[in-house]
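Hello,

Here is the structure I said I would pass on. Please open it alongside this note, and my findings follow below.

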Amino acid sequence: QVQLEESGGGLMQAGGSLRLSCAASGRTFRRYPMGWSRQAPGKEREIVAAISWAGGHTYYRDSVKGRFTISRDNAKNTMYLQMNSLKPEDTAVYYCVSTSIYGEEDIAPRYIYEYDYWGQGTQVTVSS
């Protein structure tokens, strides 16, 4: 079992930066791919970025490429999302996600249905 807890959300002006953190518990955390999902009001959830368990593979949604960076520190059971050059359209609830579906495959899943563990979410609001 994996439990996930996000932190670091808040209100930021456009062009600013925020760093989200996800603290994970559970002995198998280190072997699971992880990611960040977001849901804006009236829109479906989407995977923003993902990272394989060893960190060697990453995925980014086109709309955040070059602005967001995902990383993880398995020794600290923590994953991060550095968000730079924030835009109002980045406003959403951000969720930390993980998946046991692929066992120990070193991949970075990019679809919502591939994830079976979710955090409670943290609000990110970007003002124009």
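Which residue in strand 9 is the bridge partner of M34? The bridge partner is S98.

Some ground rules come before the rest. This is a predicted model, in which local features need pLDDT of at least 70, side-chain atom pairs count only at pLDDT 80 or more, and totals for chains, interfaces and linings use all residues. Residues are numbered from 1 along each chain as its sequence is written, and side-chain values use heavy atoms, with hydrogens and water left out.

Strand 4 covers residues 34-39. Strands here are DSSP runs (E, at least two residues), numbered from the N terminus. Buried means under 20% relative accessible area, exposed means over 50%, and partly exposed is in between (1.4 Å probe, protein chains only).

Strand 4 pairs with strand 9 in the antiparallel sense, over 6 bridges. Two strands pair if DSSP finds at least two bridges between them. Strand 4 also pairs with strand 5 (residues 46-51), again antiparallel, over 5 bridges. Across that pairing, G35 stands opposite A50. Strands 4 and 5 form a hairpin, with 6 residues between them. In its turn, G42 has a positive phi of about 75 degrees.

**The disulfide**

The whole structure holds 1 disulfide, meaning a pair of cysteine sulfur atoms within 2.5 Å. The bond joins C22 to C96, with S to S at 2.0 Å. The two cysteines link distant parts of the chain: C22 is in strand 3, C96 is in strand 9, and they are 74 residues apart. The torsion about the S-S bond is about -70 degrees, so the disulfide is left-handed. C22 is buried, at 0% relative accessibility. C96 is buried too, at 0%.

**S21**

S21 also lies in strand 3 (residues 18-25). S21 is buried, with a relative accessible area of 17%. Leaving aside neighbours within four places in sequence, S21 is in contact with E5, E6, S7, W36, T78, M79 and Y80. Contact means heavy atoms within 4.5 Å.

**Two positive phi values in loops**

N77 sits in the loop between strand 7 (68-73) and strand 8 (78-83). Its phi is near 55 degrees, a positive value in a residue other than glycine. N77 counts as buried, at 17% relative accessibility.

S85 is in the loop between strand 8 and strand 9 (92-98). Phi of S85 is near 50 degrees, again positive in a residue other than glycine. S85 is partly exposed, with a relative accessible area of 39%.

Best wishes

Notes. Helices (H or I, at least four residues) and strands (E, at least two) are DSSP runs, numbered from the N terminus.
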